[in-house]
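Trainee: Could you take me closely through one part of this model, namely the aromatic side chains and how their rings are arranged?

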Amino acid sequence: MSPAAPKADHEGNQTNVGAERRTSNCRAGLRLIAAAGLTLAVTAVLYVFGRTRTPDYASSLFGRHGNEANLLKAQLGTALLCLAIYQLILALWMYRRLPGAGAAPRPVPLAHRIGGAVVLALSLPIAYHCITAYGVETYNARVALHSLAGCFFYGAFAAKVLLVRSRHLPAWALPLAGGTLVSLIAILWSSAALWQLAHP
């Protein structure tokens with residue numbers, strides 16, 4: 001009977017490992033579903049709020065009104081785009097996808113987290129003025145794209161925060177979330193800030 005015992009232990013270990021892996025995969029799947037649901041929920045709330053409120057075209061941004069406020073938003077949006085590119089470079093470095101850079105030193109992940117907080121903080125006054133002054137408008141393709149991308153940005157940001165605190169996610173989850181945010185910032189900039197700077 002003694003030769004059978006090690007085999008039984010081995011099979012038992014394999015069963016435990018398999019069960020743990022299935023549990024981990026299930027939790028990761030639930031996290032991904034929750035992140036997708038959170039994205040849609042935040043996007044929908046912002047869209048409905050922006051569509052139902054009355055625009056206040058006299059709304060100010062740091063004491064500036066009208067075209068001056070829009071120009072300031074364009075400048076802040078350009079700074080936001082530069083910061084998003086900086087975040088992308090740091091992320092590529094952390095994932096060892098930055099050519100010639102090698103492994104990222106220890107301060108890089110901290111700098112990336114701080115950069116993410118600054119991205120959110122810098123975006124808020126821009127978004128506040130957009131949604132209070134104009135709401136969600138769809139009267140032409142450029143404006144509709146900007147409005148929808150703005151709503152979706154905060155949904156995607158909320159999902160990224162949820163995912164970054166999760167373990168055992170698929171390797172593609174965080175890069176997809178981060179890449180989506182960078183892409184949305186580029187869309188927001190090109191559909192509003194670039195247009196404003198080209199038509200001062």
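Mentor: What follows goes through the aromatic rings pair by pair and then turns to a charge beside a ring. Please keep in mind that this is a predicted model, in which side-chain atom pairs count only at pLDDT 80 or more. The structure holds 3 aromatic pairs. In one of them, the ring centres of Phe 153 and Tyr 154 lie 5.0 Å apart and the ring planes meet at 85°, so this pair is classed as edge-to-face, because planes over 60 degrees apart are counted that way. Phe 153 also forms an aromatic pair with Phe 157, and here the arrangement is tilted, with 6.0 Å from centre to centre and 50° between the planes. Phe 153 and Phe 157 are 4 residues apart in helix 4, which covers residues 141–164, and therefore about one helical turn separates them. Taken together, Phe 153, Tyr 154 and Phe 157 make up one aromatic cluster.

As for solvent exposure, the cut-off for a buried residue is under 20% relative accessible area. Phe 153, at 2% relative accessibility, therefore counts as buried; Tyr 154 is likewise buried, with a value of 16%, and Phe 157 is buried at 14%.

Finally, there is a contact between a charge and a ring to look at, in which Arg 142 is placed over the face of Trp 195, at 4.2 Å from the ring centre.

Definitions and conventions. Residues are numbered from 1 along each chain as its sequence is written. This is a predicted model: local features need pLDDT of at least 70, side-chain atom pairs count only at pLDDT 80 or more; totals for chains, interfaces and linings use all residues. Side-chain values use heavy atoms; hydrogens and water are left out. Rings of Phe, Tyr and Trp (its six-membered ring) pair if their centres lie within 6.5 Å; planes under 30 degrees apart count as stacked, over 60 as edge-to-face and the rest as tilted. Buried means under 20% relative accessible area, exposed over 50%, partly exposed in between (1.4 Å probe, protein chains only). Helices (H or I, at least four residues) and strands (E, at least two) are DSSP runs, numbered from the N terminus. A charge sits over a ring if NZ of Lys or CZ of Arg is within 6 Å of the ring centre and within 35 degrees of the ring normal.
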